[in-house]
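Please work through the following exercises with the sequence and the model at hand. Each task is followed by a solution in steps.

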Amino acid sequence: MIDLSSNTGTKTINPMYDTIVNAMQDTDPADMGDAFIAAMGFTPTNTQKTIADTTCTVYSSAMMGTTCLTDDGLMLEQEIMGNTVTATSVTIGDGGSDANYTLYQDVPITDGPDLSNMPSLQDLMNQGQQQ
């Protein structure tokens with residue numbers, strides 16, 4: 001995470017990375033997308049929307065709210081905890097400005113907390129369902 005106000009960065013290890021990578025072994029891109037969505041706790045709602053002239057499928061998660069993804073996995077909308085972020089325009093194929101992909105070369109990066117012992121998203125969802 002880069003904090004632009006203090007010009008510092010923190011590096012953490014994603015505790016779900018191994019689960020996601022293992023779920024995607026030897027799969028085609030469509031199956032990889034499905035595995036990623038499932039690992040994040042999302043299930044399809046069988047609803048489609050059109051946002052910025054682009055069709056997307058709505059997925060829902062008890063912990064992560066709702067999101068609307070294109071068939072290519074591009075997120076066009078996400079609603080979580082009462083906040084909604086929606087794409088206002090979509091351009092696929094040109095990659096956008098190089099400035100969007102510039103790393104902050106002069107930001108000191110420190111190690112963040114060890115998140116490896118955190119419960120998985122599925123464990124948290126199971127705990128919520130038991131209550």
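The model is predicted: local features need pLDDT of at least 70, side-chain atom pairs count only at pLDDT 80 or more, and totals for chains, interfaces and linings use all residues. Residues are numbered from 1 along each chain as its sequence is written, and side-chain values use heavy atoms, with hydrogens and water left out.

**Exercise 1.** Determine which cysteines form a disulfide (a pair of cysteine sulfur atoms within 2.5 Å).

Step 1. The sulfur atoms of C56 and C68 lie 2.0 Å apart, and the two residues form a disulfide. Step 2. The pair links distant parts of the chain, 12 residues apart: C56 belongs to strand 4 (residues 54–61) and C68 to strand 5 (residues 65–69); strands are DSSP runs of E, at least two residues, numbered from the N terminus. Step 3. The link of C56 and C68 is right-handed, with 95 degrees about the S-S bond.

**Exercise 2.** Describe how strand 5 pairs with strand 4 and with strand 6.

Step 1. Strands pair if DSSP finds at least two bridges between them. Step 2. Strand 4 and strand 5 run antiparallel, joined by five bridges; T57 stands opposite L69. Step 3. Strand 5 and strand 6 are antiparallel over four bridges, and T66 has E79 as its bridge partner.

**Exercise 3.** Is T70 buried or exposed?

Step 1. Buried means under 20% relative accessible area, exposed over 50%, partly exposed in between (1.4 Å probe, protein chains only). Step 2. T70 has a relative accessible area of 10%, so T70 is buried.
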